[in-house]
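Subject: Handover of a structure and its findings

Dear colleague,

Please find the structure below for your records. The findings follow directly after it.

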Amino acid sequence: MSKSSLLSIVVPVYNEEGNVTLLTENIDNGLKGYNYEIIYVDDCSTDNTRKEVKDLNHPKVILVELRKNYGQSSAIAAGIDIAKGAYIITMDGDLQNDPSDLPAMLDKLIEDDLDMITGIRQKRQDNFLRTLPSKIANYIIRKTTGLHITDHGCAIKIFTAETAKGLKLYGEMHRFISLVTFMNGARISEMPVKHHARQFGVSKYGLGRTFKVINDLLLILFQRKYLQKPIYLFGNIGLSFAGVGMLINFYLLILKLLGEDIWGRPLLILGVMLVVMGIQFFTVGIIIDLLMKTYYESQDKRPYNLRKVTTFEKI
């Protein structure tokens with residue numbers, strides 16, 4: 001890649017007063033000789049973050065102001081939509097990521113013909129309440145998807161423009177960008193990066209966000225395995241419930257034929273409930289399957305994504 005190719009650095013910020021000026025200086029120092037734009041996406045900060053960005057009066061800085069606090073995923077999505085670079089970089093605005101890592105990451109992305117590269121935070125400077133949920137989520141993702149990324153929570157990443165603009169981010173999906181990108185068929189790698197302690201402001205992370213992360217992770221896993229075939233999930237659950245219920249009812253039928261009284265037995269109620277639940281799950285699977293067909297066909301969507309097309313015609 002020529003250094004003249006434009007890089008777009010997307011930085012979501014929320015109450016990062018004191019960090020913006022230093023981060024801009026660090027980016028300028030880390031990317032000397034490169035052509036780049038810095039897109040600060042202000043997620044409706046309540047401090048002087050916007051004023052600090054404007055006071056920079058920096059020719060390479062773009063300030064994007066959101067109408068209200070949408071969350072980090074939406075802020076990143078807004079920055080990616082506006083980005084014009086051939087390569088798009090995401091990083092946090094709290095000075096914990098080090099822009100000096102970007103040239104080596106960019107070189108690896110291009111040399112290995114990757115779609116995305118993400119960092120592995122070395123000597124992580126976060127407290128236990130942040131690292132434990134992260135480790136649990138990383139373990140679950142590795143075991144359930146086969147994507148062996150060490151640090152899904154690392155914010156510093158580089159994408160090709162096509163890869164970044166193909167992302168659909170909402171909720172707390174920014175924590176699983178690597179997984180979402182992998183699900184879209186991207187080639188991903190990782191490399192160690194530096195990690196610094198926060199200097200100004202306070203962390204926006206709390207235990208309450210852990211539950212949001214778990215919900216989004218379950219949603220992503222469902223989309224990965226069953227989005228195009230939901231009947232395989234709901235149908236299998238339904239058949240299992242109905243099968244167990246029918247076995248219970250068959251057993252009770254034999255007892256009835258042998259002259260025993262089965263009315264009012266909890267086992268009878270359980271057997272009937274399992275059969276009804278099985279039918280409901282199977283029906284839900286059929287309905288969602290029809291919705292998926294409508295989703296793809298009504299919008300002329302394709303159940304695949306092309307990475308690139310290479311031709312070898314001699315000119």
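Lysine 54 has a relative accessibility of 52% and therefore counts as exposed, where exposed means over 50% relative accessible area, buried under 20% and partly exposed in between (1.4 Å probe, protein chains only). The model is a predicted one, in which local features need pLDDT of at least 70 and side-chain atom pairs count only at pLDDT 80 or more, while totals for chains, interfaces and linings use all residues. Residues are numbered from 1 along each chain as its sequence is written, and side-chain values use heavy atoms, with hydrogens and water left out.

Salt bridges

The side chain of lysine 54 meets that of glutamate 65 in a salt bridge, at 3.6 Å from N to O. The term denotes a side-chain nitrogen of Lys or Arg within 4 Å of a carboxyl oxygen of Asp or Glu. Because lysine 54 belongs to helix H2 (residues 49-56) and glutamate 65 to strand S3 (residues 61-65), the pair ties together parts that are 11 residues apart in sequence. Helices (H or I, at least four residues) and strands (E, at least two) are DSSP runs, numbered from the N terminus. Glutamate 65, at 43% relative accessibility, counts as partly exposed. Lys54 and Glu65 also belong to a network of salt bridges that links them with Asp42 and Arg50.

The whole structure holds 9 salt bridges. One of them joins arginine 187 to aspartate 113, with the closest N and O atoms 3.6 Å apart. Arginine 187 is in the loop between helix H7 (177-183) and S7, and aspartate 113 in the loop between H4 and strand S5 (116-121), so this pair ties together parts that are 74 residues apart in sequence. Arginine 187 is partly exposed, with a relative accessible area of 44%, and aspartate 113 is partly exposed at 32% relative accessibility.

Arginine 121 and aspartate 151 form a salt bridge at 2.7 Å, N to O. Since arginine 121 lies in strand S5 and aspartate 151 in the loop between helix H5 (128-145) and strand S6 (157-160), the pair ties together parts that are 30 residues apart in sequence. Both arginine 121 and aspartate 151 are buried.

Nonpolar cores

A nonpolar core is a set of buried Ala, Val, Leu, Ile, Met, Phe, Trp, Tyr and Cys residues joined through side-chain atoms within 4.5 Å. The largest has 29 residues, of which Leu7, Ile9, Ile27, Leu31, Tyr36, Tyr40 and Ile158 touch the most other members. Among the elements that give two or more residues to this core are strand S1 (6-13), helix H1 (20-30) and strand S2 (35-42). A second, separate core of 20 residues includes Ile39, Ile88, Leu167 and Leu169.

Helix H9 and the annotated regions

The 28 residues of helix H9 (residues 230-257) should span 40 Å at 1.5 Å a residue, and the end C-alpha atoms are 40 Å apart, which agrees. The expected span is 1.5 Å times one less than the number of residues. Buried residues in H9 include Phe234, Gly238, Ala242 and Gly245, whereas leucine 257 is exposed, at 69% relative accessibility. Just after H9, glycine 259 takes a positive phi of about 100°.

An unreviewed UniProt entry lists residues 231-255 and 267-292 as "transmembrane region". Residues 231-255 are 100% helix and 0% strand, with end C-alpha atoms 35 Å apart. Residues 267-292 are likewise 100% helix and 0% strand, with end C-alpha atoms 37 Å apart.

With kind regards

Terms used:
UniProt positions are given in the numbering used here, feature names are shortened, and annotations may be inferred rather than shown by experiment.
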